[in-house]
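Hi,

Here is the structure I promised to pass on.

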Amino acid sequence: MNCESLNLNSRQFVWSSLTKAEQDALLQRPVQGTSATLNSTVSTILTAVRDQGDAAVIGYTQKFDCAQLTSLSYSAAAIARQIAKLPAKTREAIDKAYSTIRRFHEAQQPQDIRVETAPGVTCELRYAPLSAVGLYVPGGSAVLPSTALMLGVPAQLAGCPRVVLVSPPDQQGELSPALLYAAQRCGITEIYRCGGAQAVAALAYGTESIGKVNKIFGPGNSYVTAAKQAVSQDPQGAAIDMPAGPSELMVIADASANPAFVAADLLSQAEHGADSQVLLLSPSAAIIDAVGQQLERQLTTLSRASTARQALASSALIQVESLAQAVDISQRYAPEHLSVQTAEPDQLAQQLTHVGSLFLGPYTPESGGDYATGTNHVLPTYGFASSASSLGLVDFYRRYTSQKASREGLAGLASAIVELAETEGLDAHARAVTLRLEASS
Ligand SMILES: NC(=O)c1ccc[n+]([C@@H]2O[C@H](COP(=O)([O-])OP(=O)(O)OC[C@H]3O[C@@H](n4cnc5c(N)ncnc54)[C@H](O)[C@@H]3O)[C@@H](O)[C@H]2O)c1
Ligand SMILES: N[C@H](CO)Cc1c[nH]c[nH+]1
Ligand SMILES: [Zn+2]
């Protein structure tokens, strides 16, 4: 398809006139069709990094990012030189975003709990920061310093002892001053110049220069996401935060919405990548038409119009029968971002639970949450918003339990423990209780 000549009218649909199969196709994520080839590419990269370490990472960085590196690490002096180039106004913007994100995440501090479950028996739930975390900051199609904040702030607040940041370098082998400043604000000093599946493999398995981490965080394109999913299924690999892939936005708008606002929001996510997907649901045919016209008009002024047009080819403006039907479709699609631009957004929001993040009302653009409202922009995609959570402070902790019983406490539970152990035919379990009580009677 010639992207430049995509006719947006061909992406307008009336939901009730579609068959079930057509409805399903409309809600399918664009990347799903290519997953077999994708998985095989990713698996080759993971194996190469496991076998050859740094050499493979450096080789793939040359192949995919066109950067010739002799070392993956970034020295403190080189980081400082880059940061010195940052204009003051960008520094101030990062500072502002840092403070709102920090404020929202600080309030999420999990609390240990201690409960006396029976006389003389106490149980505790404790949180410990993860000891080594890897933060993936995308840098293929656009460098995203904001993502360094979204990952770095909670890692800093949790107090993770080792925080490693990776991101694909530019063709000169450098990371951007803004990204490095954002990392510095979050206290991150261990930084490597690599991206894609090779960076995920290095974090999960370790190489000569990059030490293995316990958990990998961060969004990325379909290669990064597939690599994260693969290493998380390998007992030798690492845990991951969630599948946070190509950006998605669904907008529910009624006749009260401003079509220019809606179109701007749709384009803001379409410009992320050709595999982004944006969907409008509206009971108003007039809004659908007006948003279509606004998309055409606003596209002409965007520097990434070509990317946005490619994303629009697998996007849709859908006329629904009612807002109730829009809610049903949204719950089924489970979008990463859901914008509600209706007369009563708060009311509708009560029913909209399958979302990564909600944007309510006409003055809450999705890009606000991408940068500076304070919520985390690392969110589940591909429909995982029906089961996975948005990134938060708690994800940087491990939860574990502890218990302590006095002799009297154990005596009080003994009959239950012994009876259950005997029911399960596990004599040694029962003896561990009876022996103690006999010894101390
Ligand atoms: N869900 C979220 O929370 C969230 C947040 C921010 C960004 N995003 C998404 O993250 C994505 C970032 O993607 P990006 O591409 O800009 O950057 P990226 O850093 O994720 O990917 C770039 C890397 O992809 C690898 N790559 C590219 N082509 C390849 C190929 N043919 N074979 C193997 N590897 C290849 C390269 O190693 C390259 O370094 C976008 O889709 C954006 O929408 C999602
Ligand atoms: N919208 C992206 C998440 O899907 C996050 C982002 C970073 N910069 C701009 N936007
Ligand atoms: Zn965005």
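Some housekeeping before that. This is a predicted model, so keep in mind that local features need pLDDT of at least 70 and side-chain atom pairs count only at pLDDT 80 or more, while totals for chains, interfaces and linings use all residues. Residues are numbered from 1 along each chain as its sequence is written, and chains are lettered from A and ligands numbered from 1 in the order in which they are written.

**Domains**

The chain is assigned domain 1 (3–29 + 246–374), domain 2 (35–243 + 393–397) and domain 3 (406–439); such bounds come from an automatic or database domain assignment. Taken over C-alpha atoms, the centres of domain 1 and domain 2 are 30 Å apart. Their contact takes eight residues from domain 1 and 10 residues from domain 2. (Two residues are in contact if their C-beta atoms, placed from the backbone, lie within 7 Å.) On the domain 1 side, those residues divide into three nonpolar, three polar and two charged. As for the classes, Ala, Val, Leu, Ile, Met, Phe, Trp, Tyr, Cys and Pro count as nonpolar, Asp, Glu, Lys and Arg as charged, and the others, Gly among them, as polar.

**The two ligands**

Where does ligand 1 lie? Domain 1 and domain 2 both give residues to its shell, so ligand 1 lies between them. There are 31 residues around ligand 1, and G140, G195, G196, P219 and G220 come nearest. (A residue is near a molecule or strand if its C-beta atom, placed from the backbone, lies within 6 Å of it.) The shell has 13 nonpolar, 16 polar and two charged residues. Helices α3 (54–65), α8 and α9 (222–232) each supply at least two residues of it. Helices (H or I, at least four residues) and strands (E, at least two) are DSSP runs, numbered from the N terminus.

Around ligand 2 you'll find L144, S146, T147, S247, Q269, E336, D370 and H377. By class, that's one nonpolar, five polar and two charged residues. Domain 1 and domain 2 each supply at least three residues of this shell.

**Annotated residues**

An unreviewed UniProt entry lists Q269, H272, D370 and H429 for "binding site". UniProt positions are given in the numbering used here, feature names are shortened, and annotations may be inferred rather than shown by experiment.

Q269 is in helix α10 (residues 259–270) and is buried, with 27 other C-beta atoms within 10 Å. (Buried means 20 or more other C-beta atoms within 10 Å of a residue's own, exposed means 12 or fewer, and partly exposed is in between; C-beta atoms are placed from the backbone.) D370, in helix α15 (residues 366–371), counts as buried too, with 21 C-beta neighbours inside 10 Å.

The "active site" annotation, also from an unreviewed UniProt entry, covers E336 and H337. E336 sits in the loop between α13 (323–333) and β12 (337–341), whereas H337 is in strand β12. E336 is buried, with 30 other C-beta atoms within 10 Å, and H337 is buried with 26. Leaving out residues up to four places away in sequence, H337 touches Q269 among others.

**Inside the fold**

The largest nonpolar core has 70 residues, and L135, V200, A201, L203 and A227 have the most contacts inside it. (A nonpolar core is a set of buried Ala, Val, Leu, Ile, Met, Phe, Trp, Tyr and Cys residues joined through C-beta atoms within 7 Å.) Its largest share, eight residues, comes from helix α8 (residues 196–205). A second, separate core of 38 residues includes L249, V262, I288 and A308.

Y136, in strand β4 (residues 132–136), is buried, with 31 other C-beta atoms within 10 Å. Beyond its neighbours within four places in sequence, Y136 is in contact with residues including V166, V200 and G220.

Finally, look at helix α7 (residues 177–185): seven of its nine residues are buried, so it is largely enclosed by the rest of the structure. What covers those buried residues includes α4 (76–83), α5 (88–106), α6 (145–158), β5 (162–167) and β6 (190–193). After α7 comes G187, whose phi is positive, near 75 degrees.

Cheers
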